[in-house]
Amino acid sequence: MSRQPLRLAIIEAAEVLTEAGVASPRADAEMLAAHVVGVPRTRLPMVPLVDPLTIETYRRLVVQRARRVPLQHITGWAAMGAITVEVGPGVFIPRPETELLLAWALAQLEGVHSPLVLDLCAGSGVLGLALANARPDATVHAVESDVAALAWARRNVEARHAAGDSPIRLHHGDVTDRGLLAQLGGQVDLIVANPPYVPADTAVATEVAEHDPVGAVFAGADGLDVIRPLVRTAAEWLKVGGSVGVEHDDTHGEVVAELFAGRRVFTDVTGHPDLAGRPRFTTARRVSATH
Ligand SMILES: C[S@@+](CC[C@H](N)C(=O)[O-])C[C@H]1O[C@@H](n2cnc3c(N)ncnc32)[C@H](O)[C@@H]1O
């Protein structure tokens, strides 16, 4: 059978995805095409014609996406910094906005030799792994409470180690537990955390409601069930001069800043907006030796 134009299949797919209410139909149509053809999205123009079997496979994946299966569950990966991690059912899909927390974290580590880093609420392990990739001299610990997520993280740690990165140390635990990783008390240079933070009863996209683990997204009536105690445990792990950055809901800019400012061990409490200008993460630095 004759080869067919990929471009037309992408246009048709974008229309199907628009109809289905997918938020970024053209981008997703192109990402799925790139996945099927096996090239980066930017190289799609180099593949003008494909065989009918490829078109058929592509249309099958577009149908899945139209049913609001997340793009990353179809392709099997998500990107952060210079790395990708495997994702699928049972683990939170890393979001582009978390790149901002990663960039801030890397800036904090400039000039710090062999830093000790803690990734709280690790999910797929993406933040800790992206930090370990960018800073091979760092010792990175990551904490996750959900065993299904932890299995994904373990797989990603092994894959990144096989690719040449320093292995990060995974811990099964609750980041709100004051006794957790007591051996790191007062020693950590940098903490990053992307905890669950959506207030219960908030309407979320179908992809989130049906495919992200509930415990990765929602955190009690006001969304602060994890962040509130985490501010306290972070203070215990950080060394004097060490920093913490916590991603949060865009309605939480003021309250998270107040939580940090309410503990006198923290200074330089700073809110950071996302690319849309909404409050997205808050950072603070530890000053004194008393909690
Ligand atoms: C929003 S996801 C973030 C995952 C990853 N850091 C990322 O940016 O993609 C939050 C993660 O925190 C985990 N989690 C929720 N409560 C926790 C707790 N109390 N202690 C440790 N992990 C927790 C969830 O299972 C989920 O994997």
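Here are some notes on the predicted model, from the whole chain down to single residues.

1. **Ground rules.** This is a predicted model, so local features need pLDDT of at least 70 and side-chain atom pairs count only at pLDDT 80 or more, while totals for chains, interfaces and linings use all residues. Residues are numbered from 1 along each chain as its sequence is written, and side-chain values use heavy atoms, with hydrogens and water left out.

2. **Overall fold.** The chain has 11 helices and 11 strands; helices (H or I, at least four residues) and strands (E, at least two) are DSSP runs, numbered from the N terminus. For 291 residues, a compact globule would have a radius of gyration near 19 Å, and the 21 Å of the chain agrees with that. The radius is taken over C-alpha atoms, and the globule rule is 2.2 Å times the number of residues to the power 0.38. Along the principal axes, the C-alpha atoms fill a box of roughly 75 × 40 × 30 Å.

3. Of the 291 residues, 48% count as buried. Here buried means under 20% relative accessible area, exposed over 50%, and partly exposed in between (1.4 Å probe, protein chains only). The chain exposes about 13400 Å², with carbon and sulfur atoms supplying 54% of that area; areas come from the Shrake-Rupley method with a 1.4 Å probe, and for residues only the protein chains shown count as cover. Among contacts (heavy atoms within 4.5 Å) with a separation of 6 or more, 66% join residues 24 or more positions apart.

4. **Charges.** There are 26 positive and 34 negative charges, and their mean positions are 4 Å apart. Lys and Arg count as positive and Asp and Glu as negative, without His and the chain ends; each charge is placed at NZ of Lys, CZ of Arg, CG of Asp or CD of Glu.

5. **Helix 10.** This one is worth a look in the viewer. Nine of the 11 residues of helix 10 (residues 227-237) are buried, so the helix is largely enclosed by the rest of the structure. The buried set is Ile227, Pro229, Leu230, Val231, Thr233, Ala234, Ala235, Glu236 and Trp237. These residues pack against strand 5 (116-120), strand 8 (188-193), strand 9 (238-247), helix 11 (253-261), strand 10 (266-273) and strand 11 (279-286).

6. Ala78 has Val85 of strand 4 as its bridge partner. Two residues separate the strands in this hairpin, and Gly81 in the turn has a positive phi of about 55°. In a regular strand the side chains alternate between the two faces of the sheet. Strand 3 has Ala78 and Met80 on a covered face, with Trp77 and Ala79 on an uncovered one.

7. **Two phi values to check.** Most residues other than glycine have a negative phi. Ser114 is not a glycine, yet has a positive phi of about 45°. Ser114 is found in the loop between helix 5 (98-109) and strand 5, and is partly exposed at 38% relative accessible area. Asp268, also not a glycine, has a positive phi of about 50°. Asp268 is found in strand 10 and counts as partly exposed at 42% relative accessibility.

8. **Asn194.** This residue is in the loop between strand 8 and helix 8 (206-211) and is buried, with a relative accessible area of 16%. Leaving aside neighbours within four places in sequence, Asn194 is in contact with Phe92, Thr98, Leu120, Cys121, Leu127 and Glu247. Leu106 is 88 residues away in sequence and 15 Å away in space, C-alpha to C-alpha.

9. Arg160 lies in helix 7 (residues 147-162) and is buried, at 16% relative accessible area. Beyond neighbours within four places in sequence, Arg160 is in contact with Ile83, Thr84, Leu129, Asn133 and Asp165. Pro25, in helix 2 (residues 25-37), counts as buried at 17% relative accessibility. Val63 of helix 3 (residues 52-66) counts as partly exposed at 38% relative accessibility.

Methods: Pairing = 2+ DSSP bridges.
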